[in-house]
Each structure stands twice: as structure tokens, then as C-alpha cells.
Amino acid sequence: MSLDWMADALCAQVGPDLFFPTSAAGYRQAKQICDRCPVREACTAAAAAYEGTSHRHLRHGTWGGHTPTTRTRRSREAA
Ligand code: SF4
């Protein structure tokens, strides 16, 4: 899987800490950036590929505007 899309990732411009929040407010703040990111679709697909069917507790941070919980839900729905 190509990772060329990461060159246009907005999170790379603001730093990674914001994307590993410890509160719901932090996740909302990260999601606001993901909502404007031009590579959100590729990011969401990469997260799904990397994480497979991992349990929610093995997932970390925000990818494509999705929390570990929402990525778990999406993975189950896709299975
Ligand atoms: S959509 Fe993905 S690449 Fe874009 S800012 Fe969010 S986490 Fe980063």
C-alpha cells in the first residue's frame, strides 16, 4: 500500500500530539482538522487495512476523523 498520500496530511503540519488525545474534547478537535484534510479518504482506508479486526483497545489515536471506537464499529460493519 502506497503511503504517498501522507505528504498532504494536515496532521503532519500541526504535529502528532493533537491526534492522540486523552479526552473527548481532544478527539473533537482532531476531527475538525480531519474534516478539512484532503487525504482523509486514503487515511481512513489505510487505518482499516492496518488495524484489520483489532480490538478497540489495540487501536490508538485519530485516523481519518475516526476514534478507536468508531473504527472498531466500522470494521465490524464491513466484516
Ligand atoms: S484525515 Fe488522516 S491524514 Fe488527514 S489529518 Fe486526519 S489523521 Fe491526518
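## Charges, helices and surface

Reader: At what relative accessibility does K31 count as partly exposed?

Author: Relative accessible area under 20% means buried, over 50% means exposed, and partly exposed is in between (1.4 Å probe, protein chains only). K31 falls into the middle class, so it counts as partly exposed, at 36%.

Reader: What kind of model is this, and which residues do the totals use?

Author: Residues are numbered from 1 along each chain as its sequence is written, and side-chain values use heavy atoms, leaving out hydrogens and water. This is a predicted model: local features need pLDDT of at least 70 and side-chain atom pairs count only at pLDDT 80 or more, while totals for chains, interfaces and linings use all residues.

Reader: Which side chain meets D35 in a salt bridge?

Author: A salt bridge here is a side-chain nitrogen of Lys or Arg within 4 Å of a carboxyl oxygen of Asp or Glu. D35 is partly exposed at 43% relative accessibility. At 3.2 Å from N to O, its salt-bridge partner is K31.

Reader: Which residues does E51 pair with in salt bridges?

Author: At 13% relative accessibility E51 counts as buried, and R59 is buried too, at 4%. The closest N and O atoms of E51 and R59 are 3.2 Å apart, against 2.9 Å for R71 and E51.

Reader: What pattern does the chain follow along the sequence?

Author: Helices (H or I, at least four residues) and strands (E, at least two) are DSSP runs, numbered from the N terminus. The chain comes to four helices and zero strands. Read along the sequence, that gives α-α-α-α.

Reader: What is the radius of gyration of the chain?

Author: It is taken over C-alpha atoms, and the globule rule is 2.2 Å times the number of residues to the power 0.38. For 79 residues the rule gives 12 Å, and the chain comes close to that, so it is as compact as a globular protein of that length, with a radius of gyration of 12 Å.

Reader: Within what arc do the buried residues of α4 fall?

Author: In α4 (residues 68-78), the buried residues are P68, R71, T72 and S75. The arc is that of the directions from the helix axis to the C-beta atoms. The buried residues line one face of the helix because, seen down its axis, they fall within an arc of 105°.

Reader: Which residues does V14 touch, not counting those up to four places away in sequence?

Author: V14 sits in helix α1 and is partly exposed at 45% relative accessibility. Its C-alpha atom is 9.3 Å from that of I33, 19 residues away along the chain. Taking contact as heavy atoms within 4.5 Å, V14 touches F19 and I33.
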